[in-house]
Amino acid sequence: MQRPTHAGLRHLALNVRRFDEMKRFYVDLLGFAVEWEPDADNVYLSSGIDNLALHRASITAPPPAASAPPASSPAASPPASSPLDHLGLIAREAEDVDRWAAFLEGRGVTIDAKPRTHRDGARSCYFRDPDGNSVQIIHHPPISGR
């Protein structure tokens, strides 16, 4: 049997502690649209070519670290046990990375890693969402134009 093909990684589901803040952050700040909100604990967002699901974490989820910034801060610390290193949003042009960094800083988001060009020609910056997940805006030439 031959391996079937797929269309790439286009769906990510996150269990989130700060559900309402996360929804506002990804919709109002990053421009995702609500695709479907089946109930008060789940929302499916899309940029038009992908799907980001936010699921309210159960009450058994570990609480945020005591040293984490207030819930209103987009730079909250990530859960120590999280296997997620970061999630990436593709920018069409290298200059878009710089525009995103300036836009986000102008709205009070701390840029953890300022825009820089990597050895492979990619350009990116990093910041955190309200739950502390690291988010990368990246222009990666092999896939950014697709």
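Going by ring geometry, the count comes to five aromatic pairs, where rings of Phe, Tyr and Trp (its six-membered ring) pair if their centres lie within 6.5 Å, with planes under 30 degrees apart called stacked, over 60 edge-to-face and the rest tilted. This is a predicted model, so local features need pLDDT of at least 70 and side-chain atom pairs count only at pLDDT 80 or more, while totals for chains, interfaces and linings use all residues. Residues are numbered from 1 along each chain as its sequence is written, and side-chain values use heavy atoms, leaving out hydrogens and water.

One of the pairs is F25 with F127, a tilted one at 6.2 Å centre to centre and 50° between the planes. F25 sits in helix α1 and F127 in strand β7 (residues 123–128), so the pair ties together parts that are 102 residues apart in sequence. Helices (H or I, at least four residues) and strands (E, at least two) are DSSP runs, numbered from the N terminus. Both F25 and F127 are buried; that means under 20% relative accessible area, with exposed being over 50% and partly exposed in between (1.4 Å probe, protein chains only). F25, Y26, F32 and F127 make up one aromatic cluster. Helix α1 itself (residues 19–29) has F19, E21, M22, F25, Y26 and L29 buried, and just after α1, G31 takes a positive phi of about 85°.

Over in helix α2 (residues 94–106), W100 and F103 lie three residues apart, about one turn of the helix. Their rings form an edge-to-face pair, 5.6 Å centre to centre with 90° between the planes. W100 counts as partly exposed at 26% relative accessibility, and F103 is partly exposed too, at 28%.

Turning to charges, the structure holds seven salt bridges, each a side-chain nitrogen of Lys or Arg within 4 Å of a carboxyl oxygen of Asp or Glu. Among them is R18 with D131 (3.9 Å, N to O). R18 is in the loop between β1 (11–16) and α1, and D131 is in the loop between β7 and β8 (134–139), 113 residues apart. Both R18 and D131 are buried.

D98 and R123 meet in another salt bridge, at 2.8 Å, N to O. Because D98 lies in helix α2 and R123 in strand β7, this pair ties together parts 25 residues apart in sequence. D98 is partly exposed at 31%, whereas R123, at 16%, counts as buried. K114 also forms a salt bridge, with E105, the closest N and O atoms being 2.4 Å apart. Here K114 is partly exposed at 48% relative accessibility, and E105 is partly exposed at 36%.
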